[in-house]
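Trainee: I want to learn how to read salt bridges, helices and pockets from coordinates. Can you take me through an example?

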Amino acid sequence: MSYKNPHSVLVVIYTKNTHRVLMLQRKDDPEFWQSVTGSMENGETLRQTAIRELWEEVRLKISENSTALFDCNEWVEFEIFPHFRYKYAPNITHCHEHWFLCAVEEEFEPHLTEHLAFKWVSPQQAVQMTKSPNNAAAIEKYLLNKG
């Protein structure tokens with residue numbers, strides 16, 4: 001079995017014109033709404049992981065040198081929810097997550113490949129929607145009251 005890498009990225013997508021945030025509903029836990037996330041693959045940089053995940057999860061194409069993708073230069077360590085731990089090697093209980101923001105010009109309809117649904121919502125609504133404390137913290141720190 002191939003296990004997930006416990007080093008991941010969180011990419012909060014928001015629009016420049018409405019300042020709304022894209023939230024995605026997970027297939028494996030429909031009560032869970034989140035931003036784009038994903039684990040690093042062997043040989044990838046954090047930025048490459050973020051770019052790949054944007055493409056894989058919502059079909060948003062970002063170039064390597066795009067200024068739309070902002071590296072917050074911030075890491076958090078969090079405990080992996082018990083019902084998701086089966087994806088990781090035995091005894092792995094925590095993940096290190098690196099934060100990015102992705103500013104798009106306007107709201108778009110993402111092509112979902114790993115999620116059930118999407119919503120564009122205010123940063124405050126996004127904070128309330130997500131079960132992920134670190135997803136909420138990133139939105140609060142970088143987007144709440146910025147619009």
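This is a predicted model: local features need pLDDT of at least 70, side-chain atom pairs count only at pLDDT 80 or more; totals for chains, interfaces and linings use all residues.

Trainee: How many salt bridges does the rule give?

Mentor: Start with the idea. Side chains of opposite charge can pair when their charged atoms come close. The rule asks for a side-chain nitrogen of Lys or Arg within 4 Å of a carboxyl oxygen of Asp or Glu. Here the count is eleven salt bridges.

Trainee: Which residue pairs with R26?

Mentor: D28 does, with the closest N and O atoms 2.7 Å apart. Buried means under 20% relative accessible area, exposed over 50%, and partly exposed in between (1.4 Å probe, protein chains only). R26 has 14% relative accessibility, so R26 counts as buried. D28, at 38%, is partly exposed.

Trainee: What about E79 and K141?

Mentor: E79 meets R85 in a salt bridge, at 2.4 Å from N to O. E79 is partly exposed at 49%, and R85 is partly exposed at 24%. K141 bridges to E74, with the closest N and O atoms 2.9 Å apart. That pair links distant parts of the chain: K141 sits in helix α3 (residues 133-142) and E74 in strand β5 (residues 69-79), 67 residues apart. Helices (H or I, at least four residues) and strands (E, at least two) are DSSP runs, numbered from the N terminus. K141 is partly exposed, with a relative accessible area of 45%.

Trainee: Which residues are linked in a network of salt bridges?

Mentor: E41, E44, R52, E53 and E56.

Trainee: Now helices. Which residues of α1 are buried?

Mentor: An α-helix has 3.6 residues a turn, so residues three or four places apart point the same way. In α1 the buried residues are L46, T49, A50, I51, R52, E53, L54, E57 and V58. Their cover includes β1, β2 (21-26), β4, β5, β6 and β7 (115-121). Take T49, in helix α1. T49 counts as buried because its relative accessibility is 0%. Contact means heavy atoms within 4.5 Å. Leaving out residues up to four places away in sequence, T49 touches V9, G38, S39, M40, E41 and E44.

Trainee: How does the span of α1 compare with what its 13 residues should give?

Mentor: The expected span is 1.5 Å times one less than the number of residues. For α1 that should be 18 Å, and the end C-alpha atoms are 18 Å apart, which agrees. R59 follows α1, with a positive phi near 60°.

Trainee: What do the buried residues of α3 pack against?

Mentor: They pack against β1, β2, β3 (33-34), β5, β6 and α2 (123-129). The buried set is N134, N135, A136, A138, I139 and Y142.

Trainee: Last, which residues lie nearest the centre of the largest pocket?

Mentor: On a 1 Å grid over the protein atoms alone, a pocket is an open set of points where a 1.4 Å probe fits, with protein on both sides within 12 Å along at least five of seven lines; lining residues have an atom within 4 Å of a point. K4, R26, T37, G38 and Y88 lie nearest the centre, among 34 lining residues. α1 gives the most to the lining, with four residues.

Key: Residues are numbered from 1 along each chain as its sequence is written. Side-chain values use heavy atoms; hydrogens and water are left out.
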